[in-house]
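Please open the structure in your viewer and keep the selection tool at hand. The tour goes from one selection to the next.

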Amino acid sequence: MAEQSAPTVPTDHILGVYSRAPLAFERGRGVRLYTAEGEEYLDCVGGIATTGLGHAHPKLVQALKDQAEKLWHVSNIFRIPGQEALARRLTEIAGLDVVFFTNSGTEAVECALKTARKYHWANGAPERIEVIGFEGAFHGRSYAAIFAAGNPAYTEGFGPALPGYRTLPYGDMAALEAAVTETTCAVIIEPVQGEGGARALPEVDLARLRRLCSERGALVIYDEIQCGLGRTGKLFAHEWAKEAAPDIMCLAKALGDGFPVGACLATAEAAKGMTVGSHGSTYGGNPLAMAVGLAAVQELTRPETLENVRDIAGYLGQQLSGLLERWPDVVAEVRGKGLLIGLRLHVNNREFMALARDQKLLIAGGGDNCVRLLPSLLITREEAREAVEKLERACEAARAKAAA
Ligand SMILES: *Cc1c(COP(=O)(O)O)cnc(C)c1O
């Protein structure tokens, strides 16, 4: 056996699971981020579609400060008034009945998958365990979440596949027709894929998926962790489709604007297997998270917020089409929905992100060699124009680099 050299200890002592940009920020305000040296960046990453209301939104800061001085944590063995208030609001806007609060998107997905399995078990159909997901999806990093998405890059090396998970090509309706049977538990889908590179499922297909599942007794789970709560210009991305309401829906990201909070919503019917003792969380729905969540939902549901998303999305759509025309050797395609925008590139997306950083613009990566623009939903036209100008210069640099 070849002698193995001792693994090197990372100098920062942090598990090396991220490839990080060589940048650290000290503070943020709206769409701006500032380094300790005072350098200013225009932020179109938004903590990966998380700071939907921008950085340090005054109402959220106030809500967190006020709660911090009163009570942080008590446990779910007590009633939590903030939880009841946020549950009332979320079920009202989502047209669903019950909520389980979590600390992250992954945990919301975990709760959704357990809820779906337990539903069929409670119905006397324990054989209905199969969960159908789609290629290019991202549902988080727990065992269930990685197998629900089926991305080999995230499942490899972690032992045998979790039984009962199956992945179909995104948008392949014929494959879905064939796959949903009497052993199907649920279909889990992002109405607009985020990490997969800002891919929107056609609205008619979402309605078709819903109809198919209803006919065959399978549950529909929407993972709206990235596309939900306003990012596409409607509160929930599935609302663009007619008659495509979910049985279960996962939220996180924008729900806390950067404070860790997630939610799994369901109809009372879909949640009927989840009785006392079947699930739980220490931190989920604690008073701090609920105070921020309530303030965030208050702002996200303002008609002006959604109007702004649609207005800026229209503006950026036009501007980015122009960019595509001027730099066809750099940009291959503009896609996504609302302010979940993807640019598929001809040049390497990681290198392009670095070129954008040189212009003091922060953009996110994505599958399919995409970069994503995920700015605050409150971004102004002026700021959006600035983002386009910086992208223009990044394209220029990318072309120069390719020619060199
Ligand atoms: C970010 C994300 C998750 C995972 O959320 P975490 O808070 O990182 O656990 C799940 N699904 C989608 C669609 C996401 O974008």
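A pocket here is an open set of points on a 1 Å grid over the protein atoms alone, with protein on both sides within 12 Å along at least five of seven lines; lining residues have an atom within 4 Å of a point. Grid points are joined across faces, edges and corners, and a volume is the space filled by probe spheres set on the points. Select Asn 76, Gln 83, Val 99, Phe 100 and Phe 101, which are the closest to the centre of this pocket among its 26 lining residues.

This is a predicted model, in which local features need pLDDT of at least 70 and side-chain atom pairs count only at pLDDT 80 or more, while totals for chains, interfaces and linings use all residues. Residues are numbered from 1 along each chain as its sequence is written, and side-chain values use heavy atoms, without hydrogens and water.

Next, show helix H3 (81–94), E4, helix H4 (105–122) and E12, each of which supplies at least two residues of the lining of the second largest pocket. Helices (H or I, at least four residues) and strands (E, at least two) are DSSP runs, numbered from the N terminus. E4 gives the largest share of this lining, four residues.

Now select strand E12 (residues 262–266).

Strand E4 (residues 98–102) runs antiparallel to E12, joined by five bridges; two strands pair if DSSP finds at least two bridges between them. Val 99 has Leu 265 as its bridge partner in E12.

Move to the largest pocket, with about 1,600 Å³ of space. Of its 37 lining residues, Tyr 18, Ser 19, Ile 48, Arg 350 and Gly 365 are the closest to its centre. Colour domain 1 (25–56 + 303–403) and domain 2 (71–300), with bounds from an automatic or database domain assignment. Both give residues to the lining, so the largest pocket lies between them.

Technical notes: 1 Å grid on protein atoms, 1.4 Å probe; cavity = no way out; pocket = protein on both sides within 12 Å on 5 of 7 lines; lining within 4 Å.
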